[in-house]
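Please open the structure in your viewer and keep a selection tool at hand.

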Amino acid sequence: MGEVGLEAYLFVGAVLFVCGVVCMATKRNGIGVLMGVELVLNGANINFVAFSRFTPLGLDGQATALFVVVLAAAEAAVALAIALNYYNNHLTIDVDRGNELQG
Amino acid sequence: MTYLLEQAANGIGGTDGLLFWVFAILSCVGAVAVVATQNIVRMAFWLVVSLGSVAALFFLMHADFLGAAQLLIYVGGTVVLLVFGVMLTASGHTIKVQTSPAETLLGGGVGLLLLCVLIFAISTVNWADISQQIPAAGDSPAIVDAREDASLAESLSVATTPEAKATAEKALAAVEARRQAGRTIRQLGLSFYGLRPDHMNSSANAASAPGYLLPFEIISVHLLVVLIGAAYLARAKRRVTPGSGTDL
Amino acid sequence: MDFDLFSVVQRSIMDPQSTGEVLRTLLTVAWLLPLCGFVAEIYWLRWSHRLSKSAAYSAVACIGIGFLCSASALVYWGVQTNWQALQATEHGEHGEHAEHEHAEHEHAELHQPADAAKAEAAAHAVDKHEHQQAAVGEEHPHEGNHAVAPKFYSGSFYKLAQFGSLIVSLDWYIDSLTLVMFTMVTFIATCIHLFAIGYMKDELTEEYEDHQVHTSHGHFTRPGRFHRFFAYLSLFCFSMLGLVLAGNIFQVFIFWELVGISSYLLIGFYIERKSASTAANKAFIMNRVGDFGFLIGLMILWTWCGTFQFADVGAEPGLFTMIRGDNGNGVMDVSEDGQQVFLHDTHGHRLETDGKPSSIGYLLLIAAGCGIFAGCIGKSAQFPLQTWLPDAMEGPTPVSALVHSATMVAAGVYLAARFYPVFTPEVLLVIAYIGCITLFVAATIALVATDIKRVLAYSTISQLGYMMLAIGVAGWGAGLFHLVTHAFFKSLMFLCSGSVIAGCHHVQEMPQMGGLRRKMPITAYTMLVGVIAISGLALPIVNIGFSGFYSKDAIVASALAYSNANSVHMLLFVTPLVTAGITAFYMFRLWFLTFYGEPRDQHVYDHCHESPLVMTGPLMALSVLAATCAWSWCLTSGSGEEGPLYRLISFSATVPADAAITSVGPAHVTLPSHHDVHDVHGQAGVLALLAAVAGSVFAYLMYGVRIINPADIRRQFPGTYDFLVDKWRFDVLYDAMFVRPVHIVSAWCAGFDKKVLDGILHASASITMVVSRWDRLFDENMVDGLVNMVGNVTRSIGYSLRVVQTGRLRQYVMWIAVGVVVLFGVLFTSMPR
Amino acid sequence: MFSSEFLLGAIVFLPALWAIPLIWFDGQNKDSMRYWTVLGTSLTFVLTLQLWASFDLAQGGMQHSFSKPWIPGWNVNYALGVDGISLPLVVLTGLVTVLAALASWSIDKHVKGYMMLFLLLETGMMGVFLSLDFFLFYVFWEVMLLPMYFLIGIWGGPRREYAAIKFFLYTLAGGVLMLIAMLMFYFYGGKTFDLQELARIAAGQSSTARFSETMQLTAFIMLFIGFAIKLPSFPFHTWLPDAHVEAPTPISMILAGVLLKMGGYGIIRIAMPLCPYGAQYAAYFMVALGVFSIIYGAFAAMAQTDFKRLVAYSSVSHMGYVLLGLAVWKITDGKTTGGEYWNMGISAAMFQMIAHGISSTGMFFMVGVLYDRVHHRDLNKFGGIAQLMPEYSGLAAVIFFAGLGLPGLCGFIGEIFTVLACWNFSPLLAIIAAAGVILTAGYILWTMQRVYLGPEYKGPHPEAITPFTAREKSVAYTLVVFAVLLGVFPNLLFSRMDNSVTKLVQSMSRTYDTHHGAGATVQTTQVR
């Protein structure tokens, strides 16, 4: 394999991304879904930073990743508030019970 | 043993390569464990492992500020927040909500497919060519570092005189010092003020590559809004009394 | 020729212009006063009350003053012309009936070769008057100071309309006939107005009970309509006088209609009686049928002659001049092929338009004459339009006396006489036959009628037939003579019958009367005067009779002369002769049935009484005139044609009849001359008298001494009797021929509107509806269908996709993942490397 | 006294402006709105009388005429003017509108809206009679249509919607044909709507444009159908009975008194001068149609049992005389013959329009007076009205006699003169037309007998028969006075029409003779 290059990081990011997606898709617990989201975001962040490191784009990747981190934090806060509300309304955190969006 | 390690390190790219593999595997394992675990609290633990490894990977990519932020915000903030959430919502029967095996299997299948697609995509792209085509010119930081290392090593090796060696060592020490001092904090900070030090020398795009002053401000306000919104949402009253169940 | 006398006359003639003005003024006053009276009387109730007789006094005053004006106009005219018309008597001593040979004829006879220069001179004389309003009749400046009074005066009141050179105006035309008619009409009208004050006094009440009308709640009562009756009478007088005064044929038509409407109003005076209103409608509509013909005549003359004037206006020739020319011999200027009649100007030349002589087709002229005469048929109730007049007896009796015997119905005769110059011999033949048929038919019906007024009505029709016949057989003067005498004796008889009816409390059936002469002697004997007059009885030796004798004598003489000249038309003499007998019979029958013998209905007899003086006074006045008006007042000569009345009338004759005239038209008749008539006068008089005596005697035998039982005769001829009682079944015939078809056609028209026209409309509407419905279907199915299909498909896809939309978060994520995989898969497989 | 612009403009627009203040009237105070309307229409009538007084008899052309650009892009002008042909109609409109306003007391529903539409209607009618611009004419024509539609459709009888739509569709169809013809003239005539200019072109006096014979014929047919609908002539008349029966009394009066006249006016003002060739070509047809309408209308009237329907059919019959009189244009050997008789025909037709405007208005009013009381119009249920309302019956009789054509009343002059003028054109048709007098007498007398005569009234609501009111009397007496005045002194009208009609006749016959008739053939032979 030789030198650790861009692709290796991208693979890691892909794995994290897929894990996050699967997590979102399979977890019935709302908090678990949020965790999936975090994983997805981290997968993406790895990519950003990798591009920043291994391409001549410079700091853009890192800056974006930084924003993503901040946004993820904000998202987590709001999502938790929502989860709490959801819980208050449904007395459960099971997302399958919240099918109000059903057509 | 040392040799083996060294060889291994070489085989896998030296010390940095070794560390990469460790943390890469760790983060992947953590992520998979998050998916696989059914208990929400354990999921949180594995998530911490995974995110922490990612932070380590950031360090490996010389994104030290970002890595720090990852640790602080994610591992220190977000995950704690999640755990709070778990605790606030957890009651006996909801701490473990089982997913049906079929769904898990389906999710796994689709995940694998997606992974295959991504890996296929990543591996088919010739990233070097794409780097070449980036108009910003210049080389990637990794290459610059490598070239710097190579030139320092060469000057060190060709240095015959002690003065020259001393100079080379001094230069090496300066580079090391600079690298130790964190290469990105200052740049990131400047970029948030609208300056792009990494592009200073590539005059062509100096004007076209402005900093992140506006996004930064926006994200600041955004955080404030989120703060207030989250507080508002979280303090909403419980509308359904347990046991009524009519609105379910 | 007594030229000295003429020179005297000539000197005393005043300016004809101012004479005309004076006459016009007098007659206009007489004419318009009743109109003022009408307006006042119509609104009498506004300033008086229902029980006041003042409306009647106003009407009498109007017509009375009118009579005074007319009479003074007649006298004035006589004085101004130095009674030239009458003086012809002495003049006539020289020759045979020279009253006709007044100046114009002399001019024609003696100065036949009178050259154009003289005619020019005459024309210039007329031209001079052009600027002045009044024009006068032919004024022939003879050589030597020998002048003749103008035959007529004419002028214009005001213009109704003008279209280029075509002018329609209201004119006046005054000649001796006008004056006589005015005096006669106003006199009779005054008498009848006075009579009506007595006759209509029942109406002077707040609650007049009409026994002939029944309503749902018993007897019908209404407020009296005394003033309205006199208003209508005044309106009638106005119209009638206007008709006589009219100076053009269009104006005649105007007043023709106005007397028609007056008649309508008067017949329908008892508006609550269905029979009265129906009779009024019948009268007006039948008159309109005649007027339809009148209108056709007007159209023809208007189109071909371009004027309605009788007399010339300045240099513009009137109808008479145009048709008869100015050559004085009264023969129409007919083209050689007999197809065209050339029109003449005032100079006696042919009128020219665009270099060609203007003319009117001979047949057209016949048509025009027949058309005008059709109007006369309607108005004078001649065959075949005679049926309205008996029904018109529904009106109050004074109306019958004034309108339906003396004046209005005679207007037809008047018009035929007035328009005589325009009638070709063929038209005259038609007139003669119509008159002939009428006089016979009406007389036969009168034989069996039992209603006293109806008998008189039929007798009126019959007498009018005589007049028409006279005009038709060129007895112009005789016809008008009879018109005047008949007016007197017939109005007298009607008033007598009115007196009887009033006395018997509205019983009109003769079988219920009888012996009334003892109860109402004045009525009975004045009536007898009328009966004798109409029967034409006279003392054979001294040759003195009542007026009817003279006039009928003249007519029969004319008819005899005519049938002598045209032996084919023998019937025109035989029929009036026979009818003279019939007339005498039914008139005496009437008198005997009413006044003679024993009362047949004691109840009626007991309650009947003689009428008051206001009614008997007019009777006596009229009876005097009925007896004497035709007298010659010259005992040496027995002929009525020597009398002043006849002379006055015939003075205004517009067409001379000195020589027999043979028609060039299709009928080939010869009109006898005066000479011919005079020759047969004695013969005719004897025959007529014999017929009358025979009729009278027969009537006396049947109804007076009752030697012959009328019922036997009735039984002998049941078919004939029924036929006559049914009035020759004309009403039935007309009902079947006209009334019902008209209703059927009108129903068709209305139905056509409803069914066909509206049907087409509705059909097109419903076709439009169908089309639009199809359009709607097309829109809905095809156009909308396409759009809807898109929508529906989308919706059904949506419905099927709705299954996908589970609202379950995790599935969505799954789908995203699957989508990404598929997307990438597609991209990678499809994109070229 | 006034400038022409002001006088004519005021006559046209005063009623519409007068309607505006009605907005602020109290809807409950119906009488005030009625008086306001009567005042407005009376003022307009006074203005028309001023126009009458200031009219110069000696002139044959347009008087008081003026023209101001309205839509310059299309060469549309606001052009008004009056001549001997339109003057009597304008005055008649003024009179009939006042009388109709006086008869509007029976309207009790939505009085405000009614009065506003009523005044707007008057503006439309006046505009039609005074316009000298085809486009303006058309606009006013349509302006008048809508209020009429609503007035029938809202205030009418039980079948008002049917009648209103029928009226609307018929008139609109006519309007559309007129529009097509108008555009034909516009484009063939060098883009002008000026009626006088178009007439000059039609008369061949324009160097730039000329109307071909085919074009004239086509345009004439379209215009004629448009106007014949309004007249109305057989077979386009069936809207009239329905419209009349359903319309309220005052609207019937206006409909019969003024609206029908627009058909005749349109023919004489537009159809004939703009297409002399077409008019001559169709003359026999028009006369025949007129004659047929006379007879047909009379027959149809006789069969009616509805009083108003009968009067409506009498209108059809009477307006037949108008058509008859207008078209008696005799040509022999390509030359106009007896132009004076044609002149007489047109004048008489004009007179007949006015006379019918008075008699028919009166007849409808008289029917309305009865209907207001007993609320039915069945002829067979009337009778004995003369006993109960003598003065009314007397006046009604006069009006009906005017319709019957009794001399001394207005109807006579028009009817007789048209018929007299007709013999020159066609003896056969003249005879048939003359037969109309019998039928007319028949149905009118029969009607009077059924309604007014007889001992007692046996129909419904006998208690409602109250005497003539002062307001009704004023309307009836006005009409009677005008009927008598025109009947006795017809020259009042004829003298005013004379010069204009003569001018029209001369111009048209000269045009025909030189361009289409004998003159034209001479020219062509010379060319050969």
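**Helix packing in chain D**

Select helix H6 (residues 160–188) and helix H8 (residues 213–230) of chain D: their axes lie 8 Å apart and the two pack at an angle of about 155°. H6(D) is therefore roughly antiparallel to H8(D) (a term for angles over 145 degrees). Axes are lines fitted to C-alpha atoms, for helices over the stretch in contact, and angles run from 0 to 180 degrees between N-to-C directions. Helices are DSSP runs (H or I, at least four residues), numbered from the N terminus.

This is a predicted model, in which local features need pLDDT of at least 70 and side-chain atom pairs count only at pLDDT 80 or more, while totals for chains, interfaces and linings use all residues. Residues are numbered from 1 along each chain as its sequence is written, and chains are lettered from A and ligands numbered from 1 in the order in which they are written.

**Chains A and B**

Finally, show chains A and B, whose contact takes 68 residues from chain A and 82 residues from chain B. On the side of chain B that touches chain A, H4(B) gives the largest share, 13 residues.

Methods
Parallel < 35°, antiparallel > 145°, perpendicular 65-115°, else oblique. Contact = placed C-beta atoms within 7 Å.
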